Amino acid sequence: MAHLNETTLDSTMLFDGKIIRVEKDTVLLEDGTQTFREVVRHPGGVCVLAITDADEVLFVKQFRYPHRTVTMELPAGKLEYGENPEACGRRELLEECGCRAKQFSYLGKLFPVPAYDTEVIHIYLAKGLEFDAQQLDEGEFLDVERIPLAQAVRMVLSDAYPDAKTQIAILRYFAMDHVKGIVR
C-alpha cells in the first residue's frame, strides 16, 4: 500500500437526507490495520464576493439554525450534483442579492472540514454589478447589507464574521489585491 493512503474495504450508509449523506467506511491503513471513517457526503457549494463600484462588499444577514444565531455572510449556495459552480454562483447572487455581475472570476476553492466532510466550496469574485430584485427561494429570509471592503477586512480580523467561507474569500481577495509582488 502507498504511503499516506487508506483503502476503503466496506461502506455503510447511516443517513441519506435532502442535503447530506453520512457513511461509515471500514478502511485499511498503510500499516495493515483496519479502522473506520465517518464521512459526510455533500455536493459542495459556491461563495460569491460581490464588490460594488463604491468598493462595498455585499453581505447577506440570515438566521442559521444550527448555531441559533443571525450571521453576516457572503452570498452563497449549495451546488446540485453535477452543476457548474460558476452558474450556481451567478444564480445565488441574483437570488440572494438581486444582482448580476459583468465580471465573474474564480478565486479558488476551500475544504471547510476535510477530516470528515467531502464538501468543496468554490469562491468567486463578482464586479460590475447590475441590481434588480431579489429572487429568494421559498422559505428563505435574508437581508442584504453593504459594508466597505476595508471595514469588512477589519471585521474579519476582529472575529465579527465567524463564517469560514466569508473570512477566506475576503482575506484572499484583500491579499491578492494588496500583495501583488508576492503572489503569482
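This is a chat about the fold of one protein, seen in a predicted model.

Visitor: Before we get going, what sort of model is this?
Guide: A predicted one, so keep that in mind for everything below.

Visitor: OK. How many helices and strands does the protein have?
Guide: There are three helices and 10 strands.

Visitor: And in what order do the elements run from the N terminus?
Guide: The order is β-β-β-β-β-β-β-α-β-β-β-α-α.

Visitor: What does the C-alpha trace span along its principal axes?
Guide: About 60 × 45 × 30 Å.

Visitor: How much of the protein counts as buried?
Guide: Of its 184 residues, 38% do.

Visitor: How many bridges join strand 8 to strand 9?
Guide: 10 bridges, with the two strands running antiparallel. Strand 9 covers residues 121–131. To find your way along that pair, look for Q103, which stands opposite K127 in strand 9.

Visitor: Switching over: what's the strand order in the open sheet of three strands?
Guide: That order is 6-5-10, and the pairing is antiparallel. Strand 6 (69–73) and strand 10 (143–148) each have a single partner strand, so one side of each is left without a neighbour in the sheet. Neighbouring strands in this sheet are turned by 30° against each other on average, direction ignored.

Visitor: Remind me, what holds strands of a sheet together when they pair?
Guide: Backbone hydrogen bonds, and the strands can be parallel or antiparallel.

Visitor: Good. Over how many bridges do strand 5 and strand 10 pair?
Guide: Six, in the antiparallel sense, with strand 5 covering residues 56–64. One spot to look at is F59, whose bridge partner in strand 10 is E145.

Visitor: Which helix lies across strand 5 and strand 10?
Guide: Helix 2, residues 149–157. Helix 2 runs at about 100° to strand 10.

Visitor: Where does L157 sit?
Guide: L157 is in helix 2. With a relative accessible area of 65%, L157 is exposed. The C-alpha atoms of L157 and Q167 are separated by 8.5 Å, with the two residues 10 apart along the chain.

Visitor: Back toward the start of the chain. What do strand 2 and strand 3 form?
Guide: A hairpin, with five residues between the strands. Eight bridges join strand 2 (residues 21–28) to strand 3 (residues 34–41), running antiparallel. R21 stands opposite R41 in strand 3. In the turn, G32 has a positive phi of about 95°.

Visitor: Is L4 buried or exposed?
Guide: Exposed: the relative accessibility of L4 is 73%, and the exposed label needs over 50%.

Visitor: Where does D159 lie?
Guide: D159 is in the loop between helix 2 and helix 3. Phi of D159 is near 70°, which is a positive value in a residue other than glycine. D159 is exposed as well, at 57% relative accessible area.

Visitor: Last topic, charges. How many positive and negative side chains are there?
Guide: 21 positive and 30 negative, and the centres of the two sets lie 4 Å apart.

Visitor: And for contacts between residues at least 6 apart in sequence, what share joins residues at least 24 apart?
Guide: In this protein, 55% of those contacts do.

Methods:
Residues numbered from 1 in each chain as written. Predicted model: local features only at pLDDT ≥ 70, side-chain atom pairs only at ≥ 80, totals over all residues. Heavy atoms only, no water. Helix = DSSP H or I, 4+ residues; strand = E, 2+ residues; numbered from the N terminus. Buried < 20%, exposed > 50% of the residue type's maximum accessible area, 1.4 Å probe, protein only. Contact = heavy atoms within 4.5 Å. Lys, Arg positive; Asp, Glu negative; His and termini not counted. Charge placed at Lys NZ, Arg CZ, Asp CG, Glu CD. Pairing = 2+ DSSP bridges. Axes fitted to C-alpha atoms, helices over the stretch in contact; angles between N-to-C directions.
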